[in-house]
Amino acid sequence: MKVLVVWLVVLLPLGWGVARSVQKSLPLFTGEQAPAAQSPQ
Amino acid sequence: MRLGIDCQRLCTLSCGAVSGVSGVLMHLLTRQATVAPEGFNRWLVPPAAVAVHMCIGQVYAFSVFNKPLSAELGIPVSQVNTAYMLALVMLGLSAAVFGKWVERSGPRMSIVASWACFCGGLLITAAGVAWRQPWLLWGGYGVVGGIGLGLGYIAPVSTLVKWFPDRPGMATGMAIMGFGGGALVGSPLAQELMTAFAEPSATGAAAALVAMAAIYTIFMLFGAWIVRVPPAGWQPGVDAASGSMATRVKPVASVAVETAWKTPQFWLLWVVLCMNVSAGIGVLGRAADMCQDMFGVSVTIGAGFTGLLSIANMAGRFVWSSISDVIGRKAVYAIYFLLGIVLFAVLPSLQEAQARAAFVACTAILISMYGGGFATVPAYLRDLFGTEQIGAIHGRLITAWSMAAVVGPTLINGLYDRRVAAGVPKGEAYNGTFFLMCGLLAVGFVANLLIRPVAARHHLPTPPDRPATPGSAAPAAAEATKATAATCEGSDK
């Protein structure tokens, strides 16, 4: 029980960080493209 | 007259009480006070290590403060970034200088010292922002905070290696995974706090730094509170329900730090770590720009790419170092280097074919091996030099990281800038840097191949209270040399 609680104390913030990072990386898989840069005239 | 005597007595009593309390506190921090009682569950130690590493790993997320601190202090971003570079340099230097002290004083004292420096550094930086003094940023975060990084990095790792002689790779992988995870926690935490504390006239950076120091205080002191060292002669399985585990632990003779750092093995391993870090840090440092330049994607996707690489960096630390317990350290480093060379060599053609998914997959594997390199090195050190002075030896070895943190990006950015200046399109300018990284990895591969077990003459005499290596010192050392050779080559197969 003590081991479980101690692990939870560190895994909860780590899990939060991983979830935020996954959320941040989602656009990578949506196929969005940046507007094409204008070529010099 | 009477009042004077009372005051004197009160003063003596309070001084006595203060010195008594500080004496008790100091005793609680000593190595003796952290020796685990009988029946202690060793699985309580990894969370202590993760808690500390998760906090000091914030250094990887320092870039989130670049623009706010630049605006608050009125200096360019490059000068703000100097604090980050200083912190990494001080990490290596302090680990090298204080490594022996860490071993002598024990993990609790070291973690508390690390907390005082790291959180103190955050507070000094906050004061620097409030008073508009950039030197407090460099001195606070860079120097004082950097010393905290070095102390906090090696203390939990050396403790874990002693608790998990049967699975040193996995154990240190857990702690060092926490360091990688520190960026994942530190970046959004800082952003949330700055948003919460932002005012029309201030970015909220100072208040965010103070709040982070308070939050990290809780976790670092939590780590210091639960950390324990194993009693002398402790072996896994002795206190476990099944005794089968003890038979798996190979005896590894220890080498003194003064001897270890004069051996070719130490310097070959230094090159191995330096090359692995240099190659990985080059990609990590420019990840967002690289993705945008090579594939014409938006800033959001570039940031997403960085986020994905951070996850790969964290996961690789645990996965690869655990694999090293099965196939051996030498084999796993050979994979890092050989697979790394292949993947870096393939990246230019992926850019040419605009194969974004394949590019993302390849770079994620590369960064997982970069993280894995950090996590596997303490176990490699343990195989070569034993556990007695591993903290001190590890401290000296991670100067390779400091060197790579400065040299790697300088080399890579320099080559990239030169190619862009020569008229090479931005998307293709990275190709040269990829081939440069192949070269660095090739050097690391050769250095790894040259690593041999340390000669028995360098081994420390076996302490009489260690039951795992019966007999005299010389046969024990010879036995340990054989075991070391087997572990390095992957005898568990």
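In the predicted model, the buried residues of α15(B) are Ala400(B), Trp401(B), Ser402(B), Ala404(B), Ala405(B), Gly408(B), Ile412(B) and Tyr416(B). This helix covers residues 399-421 of chain B. A bend of about 25 degrees falls at Ala405(B), one of the buried residues. Just beyond the end of α15(B), Gly423(B) adopts a positive phi of about 95 degrees.

Salt bridges were examined next. Nine are counted over all chains. One pairs Glu103(B) with Lys162(B), with an N to O distance of 2.7 Å. The two partners come from distant parts of the chain, 59 residues apart. Glu103(B) belongs to helix α4 (residues 77-105) of chain B, and Lys162(B) to helix α6 (residues 134-163) of chain B. The relative accessibility of Glu103(B) is 11%, and therefore this residue counts as buried; the cut-off is under 20%.

The side chain of Arg329(B) forms a salt bridge with that of Asp325(B), at 2.8 Å from N to O. Both residues are buried. Arg329(B) also forms a salt bridge with Asp383(B), where the closest N and O atoms are 2.6 Å apart. Asp383(B) sits in helix α13 (residues 356-385) of chain B, whereas Arg329(B) sits in helix α12 (residues 329-352) of chain B, so this pair ties together parts 54 residues apart in sequence. Asp383(B) has a relative accessible area of 0% and is therefore buried. For Arg329(B) the value is 2%, which means that this residue is buried too. Salt bridges with shared partners join Asp325(B), Arg329(B), Arg382(B) and Asp383(B) into one network.

Chain A contributes a residue that touches chain B. Lys24(A) is placed in helix α1 (residues 2-25) of chain A. Its contacts, leaving aside residues up to four places away in sequence, are Ala303(B) and Gly304(B). Lys24(A) has a relative accessible area of 39%. This value lies between the limits of 20% and 50%, so the residue is classed as partly exposed.

Key. Residues numbered from 1 in each chain as written. Chains lettered and ligands numbered in written order. Predicted model: local features only at pLDDT ≥ 70, side-chain atom pairs only at ≥ 80, totals over all residues. Heavy atoms only, no water. Helix = DSSP H or I, 4+ residues; strand = E, 2+ residues; numbered from the N terminus. Expected span 1.5 Å × (residues − 1). Bend = angle between axes of the 7 residues up to and from the residue. Buried < 20%, exposed > 50% of the residue type's maximum accessible area, 1.4 Å probe, protein only. Salt bridge = Lys/Arg side-chain N within 4 Å of Asp/Glu carboxyl O. Contact = heavy atoms within 4.5 Å.
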